[in-house]
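Here's a quick briefing to read alongside the sequence and the model. Have a look first, then work through the points by topic.

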Amino acid sequence: MRSTRRTTFRTAAVVAGAATVLALPVGSAFADSPAVPEPEVLPGIEQPPVQPPVRPSVKPSADPKHRPAPAVRAFVTSVKLADGSVAKVYKIGRSHFEADVFAGSTKLDTLVSRGGAASYGRSDGLHVVLQPNGTVTSWLDRAPKPKPKSEAESSVRVAMPDGRIAKLVDGPRGKYVVVSTSKGHVLGAVDLKHPSARNDGWTYRLVRDGERVKFVVIDGKGGGSSWVYDFGGRLIERYTVDAPKPKKDHVRVVPSSGGMAASGPAGLGFAVVPARG
């Protein structure tokens, strides 16, 4: 009987203690928990060997021979800018140019043109443009912006065989020719839309020959001789046509009853008449 009572008490005490711990708030349970004791080594039982930590495998780096070669900054040229400063142009790769702008020994900026796009910079009234082909243009605020070469107009004056002056112009409007007298009085003009004009027996004409345009002067009075000029003002062709010569006169005898007459064997009068053909 005694043994039974002690067993019941111990069991109740353990259960009561467990209920007390579970009744604590969760935060208190983490804060007051004692350090976990190391497992007890029992005699006669060997501990398992400690396994070294598994390290993640590291892949070897790529072979340097297969790495892309670094871009080379190759010097191209130096360009003097509108204010006296200098732009040094470098080629980095295909469709990639850079221009370092220097004022003396001071580097002001670097313009980068990549993928066919121009790069623009401005400093104290200086405007600088790096074109996709590596060329550099610049201008100042007080000076007009330069026109691109495609908009520039060129002209040359030619003294024609008829004594008149032809001004051959190549510009934004295309190619055309202005014809004037030697004193500067304008007689007319021809272009590719209106390629021919006439004046006093002479013909002035523009002719397209493949990609070239020629200016032709034709002498209508003299039988059609012609002179051909390029738009640099050079005489590149000439065609000469011989004018027809008048035929020689011969004498034709016709009967006549009076006037200027000569007596023939039969006593008839004949007049001497110049004839052609």
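Strands here are DSSP runs of at least two residues, numbered from the N terminus. On that numbering, Gly115 falls in the loop that runs between strand E4 (106–114) and strand E5 (119–123). Bear in mind that this is a predicted model.

**Overall picture**

- The protein chain carries two helices and 19 strands.
- Of its 277 residues, 22% are buried.
- Among contacts in the protein chain with a separation of 6 or more, 19% are between residues 24 or more positions apart.
- Its accessible surface is about 21400 Å², and carbon and sulfur atoms account for 57% of that.

- Is Gly115 buried or exposed? Gly115 counts as exposed because its relative accessibility is 65%, and the cut-off for exposed is over 50%.
- Gly115 and Ser95 are 20 residues apart along the chain, and their C-alpha atoms are 5.3 Å from each other.

**Aromatic pairs**

- How many aromatic pairs does a search of the whole structure find? The search turns up three.
- One of them is Phe75 with Tyr90, an edge-to-face pair with 5.6 Å centre to centre and 70° between the planes.
- That pair ties together distant parts of the chain, with Phe75 in strand E1 (residues 74–80) and Tyr90 in strand E2 (residues 86–93), 15 residues apart.
- Phe75 is partly exposed at 48% relative accessibility, whereas Tyr90 is buried, its relative accessible area being 17%.
- Trp202 and Trp227 make a tilted pair, because their planes are at 35° with the ring centres 6.1 Å apart.
- This pair also links distant parts of the chain: Trp202 belongs to strand E13 (residues 202–209) and Trp227 to strand E15 (residues 225–229), 25 residues apart.
- Trp202 is buried, with 10% relative accessible area, and Trp227 is buried too, with 11%.

**Lysines over rings**

- Lys88 has its charged end over the ring of Phe102, 5.3 Å from the ring's centre.
- Over the face of Phe231 you'll find Lys175, at 5.9 Å from the ring centre.

**Nonpolar cores**

- The largest nonpolar core has 16 residues, and the members touching the most others are Leu168, Val177 and Phe215.
- Two or more residues of this core come from each of strand E9 (165–171), strand E10 (174–180), E13, strand E14 (212–219) and E15.
- Leaving out residues up to four places away in sequence, Phe215 touches a list of residues including Met160, Leu168, Val177, Val190, Leu206, Trp227 and Val228.
- Another core, of 12 residues, lies apart from the largest one, and Phe97, Leu126, Val136 and Leu140 are among its members.

**Arg164**

- Where does Arg164 sit? Arg164 is in the loop between strand E8 (154–159) and E9.
- Why does Arg164 count as buried? Its relative accessibility is 14%, and buried means under 20%.
- The Arg164 side chain makes a polar contact of 3.0 Å with the side chain of Asp162, and a polar contact of 2.9 Å with that of Asn199.
- Setting aside neighbours within four places in sequence, Arg164 is in contact with Val158, Ala159, Val179, Ser180, Leu187, Asn199, Asp200, Trp202 and Tyr204.

Technical notes. Residues are numbered from 1 along each chain as its sequence is written. This is a predicted model: local features need pLDDT of at least 70, side-chain atom pairs count only at pLDDT 80 or more; totals for chains, interfaces and linings use all residues. Side-chain values use heavy atoms; hydrogens and water are left out. Helices (H or I, at least four residues) and strands (E, at least two) are DSSP runs, numbered from the N terminus. Buried means under 20% relative accessible area, exposed over 50%, partly exposed in between (1.4 Å probe, protein chains only). Contact means heavy atoms within 4.5 Å. Accessible areas come from the Shrake-Rupley method with a 1.4 Å probe; for residues, only the protein chains shown count as cover. Rings of Phe, Tyr and Trp (its six-membered ring) pair if their centres lie within 6.5 Å; planes under 30 degrees apart count as stacked, over 60 as edge-to-face and the rest as tilted. A charge sits over a ring if NZ of Lys or CZ of Arg is within 6 Å of the ring centre and within 35 degrees of the ring normal. A nonpolar core is a set of buried Ala, Val, Leu, Ile, Met, Phe, Trp, Tyr and Cys residues joined through side-chain atoms within 4.5 Å. A polar contact is a pair of N or O atoms within 3.5 Å; within protein, one must be able to donate a hydrogen and the other to accept it, and residues adjacent in sequence count only if both atoms are side-chain atoms.
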